[in-house]
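Take a walk through this model, one chain at a time. Keep the sequence beside the 3D view as you read.

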Amino acid sequence: MTAPTIKLPAPLFARLSPHPFLLRNLTATAAAADPARPPAARTNGRGTNETRPLHAKASSLSHAHGSSLVRLGDTTVLCGVRAELLPVERIPLFRPVDRVGDGERGGGDGGDGGDGAGEGGRALLGRGELRDYDLLVPNIELATGSAPQFLPGVPPTALAQTLSTRVYSLLHSTGLVGVEDLRVWSKPGSGEGGDTEMEGAGEAQEVQEGVEEEDRVVAYWVLYIDLLFVSFDGNPFDAAWAAVVAALRNTSLPVARWDPEREMVVCSRTEKRQLNVRGLPVACTAAVFEEKELGEVGTGVVEGRHWLLLDPDRLEETLCREAITMVVDCSDGETRIKSIEKQGGTTIGRELIRGFAVIAEKRWKEVQGAMK
Amino acid sequence: MTTTAPPTLAIPGQLLGPASRYQPGPGTHLHDANLYASLLGHVHVAQPQQSQQQQQQQQRRAPGPAKRLTKITPAPAPTPPAELPTISVSVAAAGGGAGAGAVVVGDGGPVAGERKQKKKREVLPEVGNVVLCRVVRITPRQAVVAILVCGDSVLEAEWQGLIRVQDVRATEKDRVRIYESFRPGDVVRAEVISLGDQANYYLSTTRNELGVVLAVSEAGNTMQPVSWKEFRDPETGAMELRKVAQPQPQ
Amino acid sequence: MADRRRINGPAGATIPPVFDDASTRGPKSIKSRSRPANATRKMYLKTGVTPSASGSAYLEIETSATPGVSGLKLSCSVHGPRSLPRSAPFSPHIVLSTHVKYAPFATKQRRGYLRDPSERDLGIHLEAALRGAIIADRWPKSGVDIIISIVEGDQDRETSQLQGDEVWDMMNALGGCITVAAAALADAGIDCVDTVAGGVAALVQDAGEDSIPTVVVDPIPSEHEKILAACCIAYLPTRDEVTNLWFRGDLPASDIDLYTNLVEKGIQASKNANRVLVGCLAETIQ
């Protein structure tokens, strides 16, 4: 550009015309003759492929059954998992769980965590229950003054609703939580040795009303997963998802049993069981920044250059219309793509997505380190 | 009164000194003939500009290693008979360590010379301030703008302003058309002429150096000013009409 | 009515877990107060937790020695001064709006996302406490939003449901809210005449119905057998002014001394909180 443009100090420039400001930052470093080490390319001082370090802290709350605090740069999310009981009488269209599932459950409990054979079948079966009875309830609250645009006293914004729904569907599609951990059984037979140690001594009191010989599910645990944004600086989904995973890994439910005398489910105050969380899916988001700013007079096809900005911050998110989120899980040793979401724009094609898997894999390793 | 030097750092409610020794500046308030801080920040004492002698006297009279000259805010025009130094509290540590040399003479504009610090206190546009704003929408009678920068400080919030058709330029006021002066998206330098109504500040661009400073053409390119009323798109060569701000010598 | 903008979970209502030993325990197992009557709990205050806000602060009141009792955790962010909404009438001074919300996981019972009356009540008391401290006419035509999330309430998890407990918890919550909001306001650079801090004092009966009640500061409901009355005071130390006084309970009108004693203890608690506040602010500017 040779134009005799007016000179502005950086903060003024950023405020007045953020798009050219970011563009100038990105192009300036491209021209810089320093190939040895890539200089800071973005307005926030990061390289295009540089993420903010993620910090996760588990069990910071005492009233929740599981909780986590995740910090991603200046984005801070607090997640609390709260379990409540849903008796089966309150479930419309409840289908009793058949004995097959029951038998498998017994085996699973014996091994406790050793997910062996029959995993796939069980997971499939469980997913039906999880979804049909709506046992996972994630909600995201942005209106905590976490950023100037999110003020309380109004209904949840479109962004908050979208984020909640994305977390909800990802929770179901990844099968992070198995339904067998959420079932509460009545075992009048009390024959199984494996269960007496778990379910306490009050079991021996017998059935009053007769025909209940079979073990049956009497209630389900419902997990209320509440996410509170303490501070918001872009990339809410990655932070929220990491918080959900960290909180679920931290969750332990009290051991519950059916009390036939009081006809209700009672929980042990001392005994707790850790929730089994399968795998470690990690979300990785990038935004696409295009050279041409698309105003009202957008020229349709964009031929300019573009940059993939990993882990975008608040300013960058407002300037990008296209974004990709990939959820990967490498905990089995190989990289599994759990979900790909792409919004807006036409820049990201097949090659870019393929290349992005490598980036997401790298991110997974970083997050895995932080989760420990 | 004991002559103790004011503290370097102040917390709201902290006593700064008796009102007989200082004039209240920004970030302070007067209560019971004493000056107290009303902000969290660094204390600055500015000597009155005139009467150097008196200033030196006062310096001698009030010795204190903590006192540093970092900023001079001129006293209001009708100066009280006794020339008292102005004491103020600002959020920024203006100048930092090398503050003694950096004397900024304020010209009524809000908080000059604190550019470096991470976080700034929000300022309000005041009458007489030169602001930078973006045109939000136009009607035949006025242009609605969002004020983004006030003086040298970037505003956190967006304050709404109005440039009415009679405030666009000084000459041929009756022939001004808003759509030949501003377009939505333009960045305009303007002066605050009134606090306005409940929602809007009233702005004016009548002076030569005021008007559109940044404009994007219909094709989406940043344009260059070519005359007092025209911008040109460097790529398509198309001309567009604006109330152009005279480029300021840098 | 279901809120369609949120994920509501199963159609049938869920019930919080009932513990088997609930009946075997006494109605209230009293852990005696571990501090002297005039000592407040330790407080941790920090500013700048929400970088995207104009000002912010975080307050944590130390968990009492007994496990299971959670300490109060508050996060406050201040946005503004900002322009008022277009519909708002002209205001020559700053318009304060306060908002206090419990997080869903803050208390024994899961809280909903909509504000309930007690949360609104807290917001109104907070506004009154702060209004007396802010120099409002420095900011014409502008508004400031003060938002407090109660991340964790001051509640004992071990004790079972107690009647009237919530009321006393609100007192402690309000005291914390006032202190944390004052820190966030100072961080945001909004003119205040003084640093306002909250303090709570209560009249408690520790040894049976007929014992002589004593006045304590910073009460934890689970540490006392019965709380007769409590008051929460917002106090400006250098001005020696009370900006808000909230009194609840049952006190004979004849005994004025008891009442003034309670207020004095509340002021003392507020002064303790103010010391922490001033220390935190001094740290902020350095």
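Which residues in H5(A) meet which residues in H7(A)? From H5(A) come A:Leu163, A:Arg166, A:Val167, A:Leu170, A:Leu171 and A:Thr174. From H7(A) come A:Pro236, A:Phe237, A:Trp241, A:Val244 and A:Leu248. Contact here means heavy atoms within 4.5 Å. The contact residues divide into nine nonpolar, one polar and one charged. In this scheme Ala, Val, Leu, Ile, Met, Phe, Trp, Tyr, Cys and Pro are nonpolar, Asp, Glu, Lys and Arg are charged, and the others, Gly among them, are polar.

A word on the ground rules. This is a predicted model, in which local features need pLDDT of at least 70 and side-chain atom pairs count only at pLDDT 80 or more, while totals for chains, interfaces and linings use all residues. Residues are numbered from 1 along each chain as its sequence is written, chains are lettered from A and ligands numbered from 1 in the order in which they are written, and side-chain values use heavy atoms, with hydrogens and water left out.

Now the geometry of that helix pair. H5(A) spans residues 158-174 and H7(A) spans residues 236-250. Their axes come within 11 Å and cross at roughly 45 degrees. H5(A) is therefore oblique to H7(A). Angles under 35 degrees count as roughly parallel, over 145 as roughly antiparallel, 65 to 115 as roughly perpendicular, and the rest as oblique. Axes are lines fitted to C-alpha atoms, for helices over the stretch in contact, with angles running from 0 to 180 degrees between N-to-C directions. The crossing is right-handed, meaning that the near helix is turned clockwise from the far one by less than a right angle.

Step back to the whole of chain A. It has nine helices and 12 strands. Helices (H or I, at least four residues) and strands (E, at least two) are DSSP runs, numbered from the N terminus. Of its 372 residues, 52% count as buried. Buried means under 20% relative accessible area, exposed over 50%, and partly exposed in between (1.4 Å probe, protein chains only).

A:Ser59 is in the loop between strand S1 (54-58) and strand S2 (66-72). Its phi is near 45 degrees, a positive value in a residue other than glycine. A:Ser59 is partly exposed, at 46% relative accessibility. A:Glu263 is in the loop between strand S7 (252-259) and strand S8 (264-274). A:Glu263 is not a glycine either, yet has a positive phi of about 50 degrees.

B:Gln47 lies in the loop between strand S6 (41-46) and helix H1 (52-61). B:Gln47 is buried, at 3% relative accessibility. B:Glu83 is 36 residues away along the chain, but the two C-alpha atoms are separated by 8.4 Å.

From the N terminus, the order is β-β-β-β-α-β-α-β-β-β-β-α. Buried residues make up 57% of its 286 residues. Look in strand S3 (residues 73-83) for C:Pro81. A cis peptide bond joins C:Gly80 to C:Pro81, with omega about 5 degrees. C:Asp116 sits in the loop between strand S4 (95-102) and helix H1 (117-131). Its relative accessible area is 25%, so C:Asp116 is partly exposed. C:Tyr58 is 58 residues from C:Asp116 in sequence and 23 Å from it in space, C-alpha to C-alpha.
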